[in-house]
Amino acid sequence: LSDWDGKKNTDKIHEHALYALQSSGLYIPQNMRELVEEMGKITDYKISYLYYPASFYCKMYEPKVKPNEVLADKFKVGNWYLPSCAELARIVYYGMKGYIKREEGTDLAIFADASTNGIFAKIPANWIRSSTEYRSNYAWIVNGENGAVSGIYDKGNSYAVRCVAAF
């Protein structure tokens, strides 16, 4: 998997998850509700690895829109992915630059307008999972508050994810 290409990583991870679930005779969730239900039924943590919940979640993600709005096709289910460690680090870096444009030093507050308009949620101040592998059962995570990177994330555990549609 790539340190730089989260979309390719997510596609590969998802492809592997589908193969592993099918080979193991496990149900393949068709939507977000089913994924949450299936994950809730798991009593053997080793089975949770087969779902790769973070990438599955991003593949199934679709943002909600207001009743009078129409979601562009590029933002619908199947177009979102789990960013690579490098992509996520850049997102966090710019998130740390602020969400309000000021007179001086605002050139790096690139999320300000989207955040003000309610179309971009602020980066959470906790660990966020990337699609970049650390080891076979581990992935790199990035701290949304300070940009620190760690490779201690177990793929079967729950951490925040930041799905992206383009980079």
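User: Is tryptophan 80 buried or exposed?
Analyst: Quick caveat: this is a predicted model, where local features need pLDDT of at least 70, side-chain atom pairs count only at pLDDT 80 or more, and totals for chains, interfaces and linings use all residues. Residues are numbered from 1 along each chain as its sequence is written, and side-chain values use heavy atoms, with hydrogens and water left out. Buried means under 20% relative accessible area, exposed over 50%, and partly exposed in between (1.4 Å probe, protein chains only). Tryptophan 80 has a relative accessible area of 12%, so it's buried.

User: And which class does phenylalanine 75 fall into by its relative accessibility?
Analyst: Its relative accessibility is 30%. Phenylalanine 75 therefore counts as partly exposed.

User: How many aromatic pairs are there, and why is the pair of phenylalanine 75 and tryptophan 80 classed as it is?
Analyst: Rings of Phe, Tyr and Trp (its six-membered ring) pair if their centres lie within 6.5 Å; planes under 30 degrees apart are stacked, over 60 edge-to-face, the rest tilted. The count by that rule is 5 aromatic pairs. For phenylalanine 75 and tryptophan 80, the ring centres are 6.0 Å apart and the planes sit at 40 degrees, so this pair is tilted.

User: What kind of aromatic pair do tyrosine 93 and tyrosine 94 form?
Analyst: Tyrosine 93 is partly exposed at 38% relative accessibility, and tyrosine 94 is partly exposed at 26%. Their rings are 5.0 Å centre to centre with 80 degrees between the planes, and the pair is edge-to-face.
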